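Okay everyone, thanks for coming. I'll walk you through one protein chain today, and we'll go from the inside out. Have a look at it first.

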Amino acid sequence: MMASIHRLKTLLVKELLSYLRDPRTRLILIGPPLIQLLVFSFAVTLEVRNVDIAVLDRDTGRQGVELVEHLDAAAFTSTVRVVQSGEELEALIDERKVLLGVSVPEDFSRKIVNGDTVSLQLLLDGRRANAAQVSSSYVASVASAYSQQIGTQTQRTGILVRHWFNPNLLYAWFIVPSLSGVLALLMAMLVTALSIARERELGTFEQLLVSPFSATEIIIGKSLPAVLIGAVLGTVMVLAGVLIFRVPFTGNPVLLAITLPLFILSGVGIGLSVSAISTTQQQAILGAFAIIVPVVLTSGFATPVENMPQWLQWVSVVNPLRWYLVIVQGLFLKSLPAAEVFRNLLPLMCIAVVSLSVAAVIVRRKLE
């Protein structure tokens with residue numbers, strides 16, 4: 001037992017030194033994750049800003065003019081162009097000079113004064129479908145706020161909208177916690193995917209095969225440094241989310257401290273499996289990226305898992321990032337209870353056991 005512990009300690013020190021002594025490896029481990037966190041936090045967003053809008057005001061009454069002024073003053077608009085005909089409005093959309101057009105009907109002011117229900121026609125550029133849909137909801141919000149301000153039927157119904165967990169709909173509150181998981185998993189998989197492949201290229205893998213280390217000891221020795229590095233990077237990103245991006249952390253930090261290493265371990269098993277079947281570091285990197293892309297796409301990071309086809313939802317069950325995102329987003333925004341955290345930890349444990357077992361089997365075959 002003591003001899004096994006000593007061998008593991010030796011292998012662990014060797015792995016850590018191989019990462020820390022190489023300046024390029026240190027740069028890869030520290031620089032890219034932090035840069036990606038800062039860049040993606042601002043770039044990966046579904047918010048729409050600086051929208052150009054065209055308005056065809058067929059009413060020309062006071063209320064129609066005020067509506068145009070409200071749209072021009074909205075935070076999401078850049079330029080509001082008032083056009084004189086439907087042909088001019090269509091031309092602006094066709095030439096991609098505006099994202100959407102608003103047509104104000106002739107009886108807009110009269111219906112506003114009488115308190116009747118008012119309808120606006122929105123013409124969207126379907127070539128930019130997502131941005132156009134988001135912008136149309138913004139326009140609807142501005143029109144609704146204006147109608148409430150002047151006391152129409154909408155106001156008398158007493159509609160009050162409240163967004164739980166993210167009252168101001170700040171996109172950073174969603175994207176930053178999710179990025180901490182995506183980037184930590186990416187770095188852990190890359191580190192482990194390169195580990196055995198690097199040994200092969202340096203010619204030291206054969207020495208490892210004839211050493212007293214068993215396949216299980218090799219897997220443990222390769223896994224622990226990656227788990228340590230991934231957990232440190234994940235913690236730094238979580239702290240950056242709280243301290244730099246001001247995302248509130250409402251849950252129990254102890255639960256996150258338990259979840260993060262287990263999540264990294266599930267990714268480490270996948271990375272080691274890729275590394276064990278790769279003969280060069282280039283193959284290992286390509287293999288890791290070939291896996292990480294579908295992992296991110298099926299995790300619920302960009303689109304809800306519930307919106308995917310049923311067969312793809314079943315595939316995502318073996319995706320460790322899917323379960324981690326539920327936990328980290330819940331701990332950040334809605335103080336996820338411990339029972340719910342451990343319920344989502346169970347799939348992570350199963351994925352970690354299976355992936356590490358597969359890696360151990362592959363390495364054991366190399367030893368035979």
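Let's start with serine 275, which counts as buried because its relative accessible area is 0%, and buried means under 20%. And keep in mind, please, that what you see is a predicted model.

So where does this serine sit? Serine 275 belongs to helix 11. Which residues does serine 275 touch, if we skip its neighbours within four places in sequence? They are Thr192, Ala193, Leu194, Ser195, Ile196, Ala197 and Arg200.

There's another serine I like, and that's serine 355. You'll find serine 355 in helix 15. Is serine 355 buried or exposed? Buried, with a relative accessible area of 8%. Its side chain reaches back to the backbone oxygen of isoleucine 351, at 2.9 Å. Beyond the residues up to four places away in sequence, serine 355 touches Leu265, Ser266, Gly269, Ile270 and Ser273.

Let me zoom out for a moment. The chain has 15 helices and four strands. Out of its 368 residues, 47% count as buried. Now take the contacts with a separation of 6 or more: residues 24 or more positions apart account for 80% of those.

Leaving out neighbours within four places in sequence, phenylalanine 263 is in contact with Gly181, Leu185, Pro320, Leu321, Tyr324 and Leu348.

Phenylalanine 76 is in the loop between helix 3 and strand 2. So, a loop residue: buried or exposed? Phenylalanine 76 counts as buried, because its relative accessibility is 5% and the cut-off is under 20%. Not counting residues up to four places away in sequence, phenylalanine 76 touches Val48, Arg49, Asn50, Val51, Ile53, Ser135, Tyr138, Val139 and Val142. Pick out the tyrosine from that list: phenylalanine 76 and tyrosine 138 are 62 residues apart in sequence, yet 7.7 Å apart in space, going from C-alpha to C-alpha.

Okay, on to charges. Side chains of opposite charge can pair when their charged atoms come close. How many salt bridges does the count come to? Four. I'll show you some of them.

Take arginine 62 and glutamate 66, whose side chains meet at 2.8 Å, N to O. Both lie in helix 3, four residues apart, and that's about one turn of the helix. Arginine 62 counts as exposed, because it has 55% relative accessibility and exposed means over 50%.

Then there's lysine 97 with glutamate 95, with the closest N and O atoms 3.2 Å apart. Lysine 97 is partly exposed at 40% relative accessibility, and glutamate 95 is partly exposed at 45%.

And here's arginine 110 with aspartate 107, where the closest N and O atoms are 3.5 Å apart. Arginine 110 is partly exposed, at 49%, while aspartate 107 is partly exposed at 23%.

Last stop, the surface. The chain exposes about 19,000 Å², and carbon and sulfur atoms supply 64% of that. Helix 2 and helix 10 are the elements that give two or more residues to the patch. Which of them gives the most? Helix 10, with three residues. Leucine 228 is in helix 10, and leucine 228 counts as partly exposed, with 46% relative accessibility.

Key. Residues numbered from 1 in each chain as written. Predicted model: local features only at pLDDT ≥ 70, side-chain atom pairs only at ≥ 80, totals over all residues. Heavy atoms only, no water. Buried < 20%, exposed > 50% of the residue type's maximum accessible area, 1.4 Å probe, protein only. Contact = heavy atoms within 4.5 Å. Polar contact = N/O pair within 3.5 Å; in protein donor to acceptor, adjacent residues only side chain to side chain. Areas by Shrake-Rupley, 256 points an atom, 1.4 Å probe, with all protein chains shown as cover.
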